[in-house]
Amino acid sequence: MHITGTAKKEILLFTLLVFILSAGCSQEPQPRQAKDYAAQSQVQYERAVSLYKELIKKGADLERLYPDSRRPWPWMNVAIHPVVGMSPQGGGGAGTTGMLVGLHFELGELYYKHGDFPRAIAQLRNAQGIEAKKLLAISYYRLGNFTDALGVFDKNENVDDEGLYYYGLTCEKLNLFD
C-alpha cells in the first residue's frame, strides 16, 4: 500500500493535533492541593508527637521488654545506648534509661525541625550524645539564650561544622572575641 503525500500530511496533522490536545489534559498542581498536603503534614506531625509522648510515658515498660536495647520499631534511627549509671535491669538514676534517651532525642529533633525550640530544649535536655547536645545548644541560640547555648557548647568538644558555626555566632553575640 502506497501512502500519498496528502495522506502523510493528514496523518502528521492528526498526530500533531492529538499531541497538542493531550498536553492540555495533564493536571497542573493546584494551590488547593498544596494546602491539603500541608494539612496532612501537620496531622502526621501531631500524630508523631503524640506517639513519642506515649512511648516516653511507657518508658519503664519499654526497658523491661527490650533490655538489650533492641529497636522495637524499625523507624527508630538513633543508636540507643545505656546511660552511665543505669542498672542492667533498666532502672536509671534520674529515671532516664537508654531507650528513653533515644526517644527524648527523636522527639526533641522533631520539635527542632519544626522550629518549636522551647519544646525541643525540654526533650533534648534528657538526651545524650553529641548530636543531641548540638541541637540543644542551637535551640538555645535560636531563642536568644546565648549564655545557655555557650554553656552547652563549652561542655562538648566534638562539634561538627554546623556546631562550630553556631558556637562562633554565640561568642559573637556575647562579645567574646578579640
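**View 1. Asn175 in the segment after helix H8.** Asn175 lies in the segment that follows helix H8 (161-173), where helices (H or I, at least four residues) and strands (E, at least two) are DSSP runs numbered from the N terminus. The model is a predicted one, in which local features need pLDDT of at least 70 and side-chain atom pairs count only at pLDDT 80 or more, while totals for chains, interfaces and linings use all residues. Residues are numbered from 1 along each chain as its sequence is written, and side-chain values use heavy atoms, with hydrogens and water left out. Phi of Asn175 is near 55 degrees, a positive value in a residue other than glycine. Asn175 is exposed, with a relative accessible area of 58%; buried means under 20% relative accessible area, exposed over 50%, and partly exposed in between (1.4 Å probe, protein chains only).

View 2. In helix H7 (residues 146-155), the residues Phe146, Ala149, Leu150, Val152 and Phe153 are buried. They cover an arc of only 165 degrees around the axis, which puts them on the same side of H7, the arc being that of the directions from the helix axis to the C-beta atoms. On the other side of H7, Thr147 and Lys155 are exposed. The buried residues of H7 pack against helix H6 (130-142) and against H8, with contact meaning heavy atoms within 4.5 Å.

**View 3. The crossing of H7 and H8.** The axes of H7 and H8 come within 10 Å and cross at roughly 135 degrees; axes are lines fitted to C-alpha atoms, for helices over the stretch in contact, and angles run from 0 to 180 degrees between N-to-C directions. H7 and H8 are therefore oblique to each other, given that angles under 35 degrees count as roughly parallel, over 145 as roughly antiparallel, 65 to 115 as roughly perpendicular and the rest as oblique. The crossing of H7 and H8 is left-handed, a term used if the near helix is turned anticlockwise from the far one by less than a right angle, whereas clockwise gives right-handed. Phe146, Ala149, Leu150, Phe153 and Asp154 in H7 meet Gly163, Tyr166, Tyr167, Thr170, Cys171 and Lys173 in H8. The residues of this contact of H7 with H8 divide into 7 nonpolar, 2 polar and 2 charged, where Ala, Val, Leu, Ile, Met, Phe, Trp, Tyr, Cys and Pro count as nonpolar, Asp, Glu, Lys and Arg as charged, and the others, Gly among them, as polar.

**View 4. Val159 in the loop between H7 and H8.** Val159, which lies in the loop between H7 and H8, is partly exposed, with a relative accessible area of 23%. Val159 and Lys133 are 26 residues apart in sequence and 9.3 Å apart in space, C-alpha to C-alpha.

**View 5. Helix H5 against helix H6.** Phe117, Ala120, Ile121, Gln123 and Leu124 are the buried residues of helix H5 (residues 117-124). They cover an arc of only 170 degrees around the axis, which puts them on the same side of H5. The axes of H5 and H6 come within 9 Å and cross at roughly 145 degrees, and the crossing of H5 and H6 is left-handed. Phe117, Ala120, Ile121 and Leu124 in H5 meet Ala132, Lys133, Leu135, Leu136, Ser139, Tyr140 and Arg142 in H6. The residues of the contact of H5 with H6 divide into 8 nonpolar, 1 polar and 2 charged.
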